[in-house]
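Below are my notes on the model, as numbered points. Please read them alongside the coordinates.

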Amino acid sequence: MNPKSHASSSILKTLELIFFPSYCKLCHKLLDSPGETVVCRTCLEELKFHRASYCLCCGKFFDTYGQPHLCYKCLEKKPDISIHRSCHLYRGKLKDLILLFKYQKYKVLRKELAAYMNKSLAHDEALWWNLDAVLPIPLHKKRERQRGFNQSFELALFLGESKGLPILQGVLVKKTNVPPQTSLTAEKRKTNNQGAYEVSCPEKIKDQVLLLVDDVYTTGATLKECASVLMKAGAREVRAVTLAQAP
Ligand SMILES: [Zn+2]
Ligand SMILES: [Zn+2]
């Protein structure tokens, strides 16, 4: 930026702070640094990466530290998702940010959340190796209209762009508008999504290694159902990433 335009943007920022002050939605501090919107830089920097051990396959965090290994469930039966990774547990500032993004419709947070996802999972070579495309978990058309956007698509978009991968939108579709998983008991969540998804153009995913993207992993029922549908439609391998998983 040249000195003249830098000076005029500082004046604009000062005028904005005087006439339209805005505050961090999490800590209520005045947003006075360049580029700050909705939440302050300090709150964003508080997002940490989970350090506990996890299952190499389903990605479920263990209560212990040490080498990642397979959990008893994945040892018993190999799931359709070959690798799933979450950045952290669904609690604290990360949970608050996801709620702001998803339900308060602060779509602008997609960039910060996708960057956090990218950074916290960057070291996981097995997750990124040989991927062909990124797929968001679709919402039913009616739900997407109500919300105004699909949070998984917004994350997938930034993730795909940063990795130089195509984003397959509309290939996996939700054909029935089932009740939201969060409104159901763990037992009902297992069957709620069965038959709710389909692949609209199987030729686009044939023999492809795919990465599913979602915001929260609760029981994993949605991701498992989507992976199963994609594998049946001809995908070679399905992996998944989520911002957070239920503790
Ligand atoms: Zn803050
Ligand atoms: Zn597992």
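**Notes on the fold**

1. Arg 110, Lys 111, Leu 113, Ala 114, Met 117 and Asn 118 of H5 are in contact with Glu 154, Leu 155, Phe 158, Leu 159 and Ser 162 of H8. Two residues are in contact if their C-beta atoms, placed from the backbone, lie within 7 Å. Helices (H or I, at least four residues) and strands (E, at least two) are DSSP runs, numbered from the N terminus.

2. This is a predicted model, in which local features need pLDDT of at least 70 and side-chain atom pairs count only at pLDDT 80 or more, while totals for chains, interfaces and linings use all residues. Residues are numbered from 1 along each chain as its sequence is written, with chains lettered from A and ligands numbered from 1 in the order in which they are written.

3. Two packed helices are described by the angle between their axes and the distance between the axes. For helix H5 (residues 110-121) and helix H8 (residues 151-163), the axes come within 9 Å and cross at roughly 55°. Axes are lines fitted to C-alpha atoms, for helices over the stretch in contact, and angles run from 0 to 180 degrees between N-to-C directions. H5 and H8 are therefore oblique to each other; angles under 35 degrees count as roughly parallel, over 145 as roughly antiparallel, 65 to 115 as roughly perpendicular and the rest as oblique. The crossing of H5 past H8 is right-handed, meaning that the near helix is turned clockwise from the far one by less than a right angle.

4. The protein chain has 10 helices and six strands. Its radius of gyration is 20 Å, close to the 18 Å that the globule rule gives for 247 residues, so the chain is as compact as a globular protein of that length. The radius is taken over C-alpha atoms, and the rule is 2.2 Å times the number of residues to the power 0.38. Along the principal axes, the C-alpha atoms fill a box of roughly 60 × 40 × 35 Å.

5. An open sheet is formed by four strands in the order S1-S6-S5-S2, with parallel pairing. S1 and strand S2 (133-136) are the edge strands, each pairing on one side only. From one strand to the next, the twist averages 20°. Two strands pair if DSSP finds at least two bridges between them.

6. Which strands are joined to S6 by bridges? S1 and S6 share seven bridges, and S5 and S6 share eight. Leu 210 stands opposite Val 238 in S6. S2 and strand S5 (residues 209-217) pair over four bridges, and Val 134 has Leu 211 as its partner in S5.

7. Eight of the nine residues of S6 are buried, so this strand is largely enclosed by the rest of the structure. A residue is buried if 20 or more other C-beta atoms lie within 10 Å of its own, exposed if 12 or fewer, and partly exposed in between, with C-beta atoms placed from the backbone. In the protein chain, buried residues make up 30% of the 247 residues.

8. Helix H10 (residues 221-232) lies across S1, S5 and S6 and runs at about 165° to S5.

9. Lys 142, in helix H7 (residues 141-147), counts as exposed because it has 10 C-beta neighbours inside 10 Å.
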